[in-house]
Amino acid sequence: MAIEIERKFLLANDSWREGIERSEPMAQGYLVGAQALREGHARASVRARLAGDTAWLNIKAATPGIARAEFEYPIPVDDARALLASLCDGVLEKVRHHVRVDGVLFEIDEFHGDNEGLVVAEVELPAVDAPFPRPSWLGREVSALTRYYNVNLIAHPYRQWSPAERAAEDAAC
């Protein structure tokens with residue numbers, strides 16, 4: 001079983017932009033999404049993701065936290081487009097920026113549409129307690145806040161959040 005260990009952070013400033021190696025627009029939608037998870041009808045989110053000429057299906061365990069079972073399978077781009085257009089309740093749009101710090105890759109997602117204004121950095125780690133660089137632009141950790149999970153951004157988009165939710169005042173320090 002594949003386990004993804006990922007930590008998620010808000011950004012303290014825009015200086016990360018100086019280190020962008022590459023950027024790619026992405027669209028993703030959920031075939032099994034937040035409502036089914038909330039109601040206990042599903043034990044995993046299932047999403048279709050499209051980035052340029054690459055597409056894949058992703059299945060992620062519905063357990064909160066930084067370590068979760070995850071499976072990813074490439075699919076034809078035309079299939080991803082059809083899934084996003086016809087079987088998903090909504091489509092999340094973002095640009096993913098790749099920024100490397102001391103050899104560690106940070107994926108910075110800059111959201112658009114109903115989630116415009118939300119920018120988060122994610123870092124995947126080999127172990128839950130693995131050390132990683134803390135650049136000055138890395139802000140408050142929001143890994144434990146499920147509203148920052150992509151699956152929840154369709155049902156409760158950033159534009160609907162209160163100032164307290166946006167500031168992640170309920171995040172562990």
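Colleague: Which residues are linked in a network of salt bridges?
Modeller: Lys8, Lys94, Arg96, Glu107, Asp109 and Glu122 are linked in such a network, where a salt bridge is a side-chain nitrogen of Lys or Arg within 4 Å of a carboxyl oxygen of Asp or Glu. Please keep in mind that this is a predicted model, in which local features need pLDDT of at least 70 and side-chain atom pairs count only at pLDDT 80 or more, while totals for chains, interfaces and linings use all residues. Residues are numbered from 1 along each chain as its sequence is written, and side-chain values use heavy atoms, with hydrogens and water left out.

Colleague: How many salt bridges does the structure hold?
Modeller: The structure holds 16 salt bridges, including one between Lys60 and Glu70, whose closest N and O atoms are 3.8 Å apart. That pair links distant parts of the chain, with Lys60 in strand S4 (residues 54-61) and Glu70 in strand S5 (residues 67-74), 10 residues apart; helices (H or I, at least four residues) and strands (E, at least two) are DSSP runs, numbered from the N terminus.

Colleague: Is Lys60 buried or exposed?
Modeller: Lys60 counts as buried because its relative accessibility is 7%, and Glu70 is buried too, at 13%. Buried means under 20% relative accessible area, exposed over 50%, and partly exposed in between (1.4 Å probe, protein chains only).

Colleague: Switching to Arg7, where does it lie?
Modeller: Arg7 lies in strand S1 (residues 3-11), and it is buried, with a relative accessible area of 15%. Its side chain is joined to that of Glu141 by a polar contact of 2.6 Å, meaning a pair of N or O atoms within 3.5 Å; within protein, one must be able to donate a hydrogen and the other to accept it, and residues adjacent in sequence count only if both atoms are side-chain atoms.

Colleague: Last one: what does Glu169 touch?
Modeller: Leaving aside residues up to four places away in sequence, Glu169 touches Arg140 and Ala164, a contact being heavy atoms within 4.5 Å. Glu169 is found in the segment after helix H4 (163-166) and counts as exposed because its relative accessible area is 57%.
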